[in-house]
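Please look over the sequence and the structure shown here before reading on.

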Amino acid sequence: MSELTQRPAMDTVARIQQRQVSAHEWVSACLDQIDQIEPWLHAWVHVDRAAALRAAGVLDERSARGAVLPLQGLPFGVKDIIDVEGLPTEAGFSPYRERVARRDAPIVAKLRALGAIPLGKTHTTQFAFSDPAPTVNPYDPDHTPGGSSSGSGAAVGARTVPLALGTQTAGSVLRPAAYCGAVGLKPTFNWFTRAGVLPLAWSLDHLGLITQTARDAALVYGALVDDPSATATQPAPPRIAVIDEFGERSEPEVAAHQHDVRARLSDAGAEVVNIRLPFDLDLLLAVHHLIMQVEVAEVHRAQVAEMRDAYGPAIPSEVDSGALIPAIYDQKARRLRGVLGRQVDALFDTYDALLLPTASNVAPPRVLGSTGDRTFQSPWSLLGTPAITLPTGVGAHGLPIGTQLIGRRGADAALLRLAAWAETTLGLIAPPVFG
């Protein structure tokens, strides 16, 4: 296992920019790691080895002439609902196997322009919903990696790549990152164009980043939106509110870990207080579920009618249910969404971030057919607030436990600065050991 796959991406980018290591060496190290563990991990749909090595060679030649880019040589994976020129966008749907993208999605194009190198496409649940992908958890292959960004979470958790793009409509960036021992960032809704990304529910879909550290997430996010403040230092110990409802719904080992996290943040100087949400959490979850059902039904109803047999069971069932929801209930849910969002916004007049576990549990066994509990992540998809998960703990059976921080809408850079502070304070868990 090469040390290049184990180091934080920001360190290796700096070393490449200083010509201490080459982009070709970094890409080759990731490809070697993929070769070693992909036969059982199943994180990748396509690995475009030749194109990645070619791109690395071009960057190294330009570097020799003094041309250095902000993300010079950074290898990344792309969830297989996001277009990469020349590669199929299959979305876990067999009729799409020949659906070759004619151009990059803008987020892929921007990463290339910044010097990053796509290695290929990572597995997704079908159309980023809930029918499981073939991917396994890098910490224990008998357990789910989460979904829907299953391959992206596992690829980063297993150190086959330092960055992967994901999407989240309910919990599909945060949960796979948490289950696979990675950092997952779901920025504010519409932080980057979703052109070139297959939709699931248009008012809930978010692009997100999965990385090895919060500082790596800040480096990439800051480069993509041209905001250098994302990588600045947290100016003072933060004010953090722990949301009691989520702790009460957590499994015992997750709740115990959150209690420990709270104590360590407080010992480091943070002002940490316990609060309750200003509304019923079940109402928030119901609003998300109803809106998602309606929008999934609209996106997929025509294609389900045409080729239902090509789908797994989940989306047709959601389409059937969503089609039965009266418009008056949909409109009421959307009005409630605004009311609840404003109440959450008001919390940030007092607190810098909200704290909760990323999921109520560690990754469940794959035999259950579930990609895990999305209820701790879906509220932030509904409200469009930025959220980040840090891999801060390990359960009794060696499976990762994530800590989630929520920030004010639009204040993504501030959340990333706070997350970097928390990462230093809490430390991150060790990567999985293979062989």
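In this predicted model, aspartate 330 counts as buried, because its relative accessibility of 10% falls under the 20% cut-off. Aspartate 330 is found in helix 12, and, when its neighbours within four places in sequence are left aside, aspartate 330 is in contact with Leu290, Ile291, Val294 and Ile325.

**Helix 10 and helix 12**

Aspartate 330 also belongs to the contact of helix 10 with helix 12, in which Leu283, Leu284, Val287, Leu290, Ile291, Val294 and Glu295 of helix 10 meet Tyr329, Asp330, Ala333, Arg334, Leu336, Arg337 and Leu340 of helix 12. By kind, the residues of this contact are 10 nonpolar and four charged, with no polar ones. The axes of helix 10, which spans residues 281-307, and helix 12, which spans residues 327-347, come within 9 Å and cross at roughly 135°, which means that helix 10 lies oblique to helix 12. The crossing of these two helices is left-handed.

**Helix 2 and helix 3**

A second pair of helices can be described in the same terms. The axes of helix 2 (residues 23-41) and helix 3 (residues 49-64) cross at roughly 160° and come within 8 Å, so helix 2 is roughly antiparallel to helix 3. The crossing of helix 2 and helix 3 is right-handed. On the side of helix 2, the residues in contact are Ala23, His24, Val27, Ser28, Leu31 and Asp35, and they meet Arg49, Ala52, Leu53, Ala56 and Asp60 in helix 3. The residues of this contact divide into six nonpolar, two polar and three charged.

The two pairs are set out below.

| Helix pair | Axes come within | Crossing angle |
|---|---|---|
| Helix 10 and helix 12 | 9 Å | roughly 135° |
| Helix 2 and helix 3 | 8 Å | roughly 160° |

Which residues of helix 4 are buried? In this helix, which covers residues 106-113, the buried residues are Ile107, Val108 and Leu111. They lie on the same side of helix 4, because the arc they cover around the axis is only 100°. The elements against which these buried residues pack are strand 2 (75-79), strand 4 (163-168), strand 6 (206-211) and helix 7 (214-225). Just after helix 4 comes glycine 115, which takes a positive phi of about 105°.

Definitions and conventions
Residues are numbered from 1 along each chain as its sequence is written. This is a predicted model: local features need pLDDT of at least 70, side-chain atom pairs count only at pLDDT 80 or more; totals for chains, interfaces and linings use all residues. Side-chain values use heavy atoms; hydrogens and water are left out. Buried means under 20% relative accessible area, exposed over 50%, partly exposed in between (1.4 Å probe, protein chains only). Helices (H or I, at least four residues) and strands (E, at least two) are DSSP runs, numbered from the N terminus. The arc is that of the directions from the helix axis to the C-beta atoms. Contact means heavy atoms within 4.5 Å. Axes are lines fitted to C-alpha atoms, for helices over the stretch in contact, and angles run from 0 to 180 degrees between N-to-C directions. Angles under 35 degrees count as roughly parallel, over 145 as roughly antiparallel, 65 to 115 as roughly perpendicular and the rest as oblique. A crossing is left-handed if the near helix is turned anticlockwise from the far one by less than a right angle, and right-handed if clockwise. Ala, Val, Leu, Ile, Met, Phe, Trp, Tyr, Cys and Pro count as nonpolar, Asp, Glu, Lys and Arg as charged, and the others, Gly among them, as polar.
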